[in-house]
Amino acid sequence: MAEPKRFLVVAMGNRVEALRVAVGLTLSDASLQVDVWGEAPLDEGAADHLEALEFGDVPVAVLPAGDEASWDRLARHILDSDGVYCL
């Protein structure tokens, strides 16, 4: 049996929508990682999505925008993925 695809969702501009997409991808037979660029959104919709991702054991990394190491971590995650969704 083939290994499952590895998807990365990068939440940059429309972070709540990116989290919604990530929740939808939990229904696929894929390994999923979420990177949130900057601060994690704190509104109620985002909280529901983050809770669903936590329930699905999906790793969510918050990458501070002003931290140079965030760029390196994001680049590594992109290279380690079969598909990347940037929203």
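**Entry 1: a helix over the sheet**

I began with helix α3 (residues 68–79), which lies across β1, β2, β3 and β4. I noted its direction too: α3 runs at about 160° to β2. I am keeping in mind that this is a predicted model.

**Entry 2: the sheet itself**

Next I looked up how the strands are arranged. I found an open sheet of four strands in the order β3-β2-β1-β4, with parallel pairing. Which strands sit at the edges? They are β3 (60–63) and β4, and each of them pairs on one side only. I also wrote down the twist, which averages 20° from one strand to the next.

A reminder to myself: strands of a sheet pair through backbone hydrogen bonds, either parallel or antiparallel.

**Entry 3: strand by strand**

- Strand β1 (residues 5–11) pairs with strand β2 (residues 30–37) in the parallel sense, over seven bridges. To find my place, I picked Arg6, whose bridge partner in β2 is Ser31. I then followed the chain from β1 through α1 to β2, and this β-α-β crossover is right-handed.
- β1 also pairs with strand β4 (residues 83–86), again in the parallel sense, over four bridges. Here I picked Leu8, and its bridge partner in β4 is Val84.
- β2 and β3 pair in the parallel sense over four bridges.

**Entry 4: two helices together**

Then I turned to helix α1 (residues 15–25) and helix α2 (residues 44–55). How far apart are their axes, and at what angle do the helices pack? The axes are 9 Å apart and the angle is about 30°. Angles under 35 degrees count as roughly parallel, so I describe α1 and α2 as roughly parallel to each other. Their crossing is left-handed.

I listed who makes the contact. From α1 come Val16, Leu19, Arg20, Ala22 and Val23, and from α2 come Ala46, His49, Leu50, Ala52 and Leu53. What kinds of residue are these? In this contact of α1 with α2 I noted eight nonpolar residues, one polar and one charged.

Note on methods. Residues are numbered from 1 along each chain as its sequence is written. This is a predicted model: local features need pLDDT of at least 70, side-chain atom pairs count only at pLDDT 80 or more; totals for chains, interfaces and linings use all residues. Side-chain values use heavy atoms; hydrogens and water are left out. Axes are lines fitted to C-alpha atoms, for helices over the stretch in contact, and angles run from 0 to 180 degrees between N-to-C directions. Angles under 35 degrees count as roughly parallel, over 145 as roughly antiparallel, 65 to 115 as roughly perpendicular and the rest as oblique. A crossing is left-handed if the near helix is turned anticlockwise from the far one by less than a right angle, and right-handed if clockwise. Contact means heavy atoms within 4.5 Å. Ala, Val, Leu, Ile, Met, Phe, Trp, Tyr, Cys and Pro count as nonpolar, Asp, Glu, Lys and Arg as charged, and the others, Gly among them, as polar. Two strands pair if DSSP finds at least two bridges between them. A crossover is right-handed if, with the strands pointing away from the viewer, the path from the first strand over the helix to the second runs clockwise.
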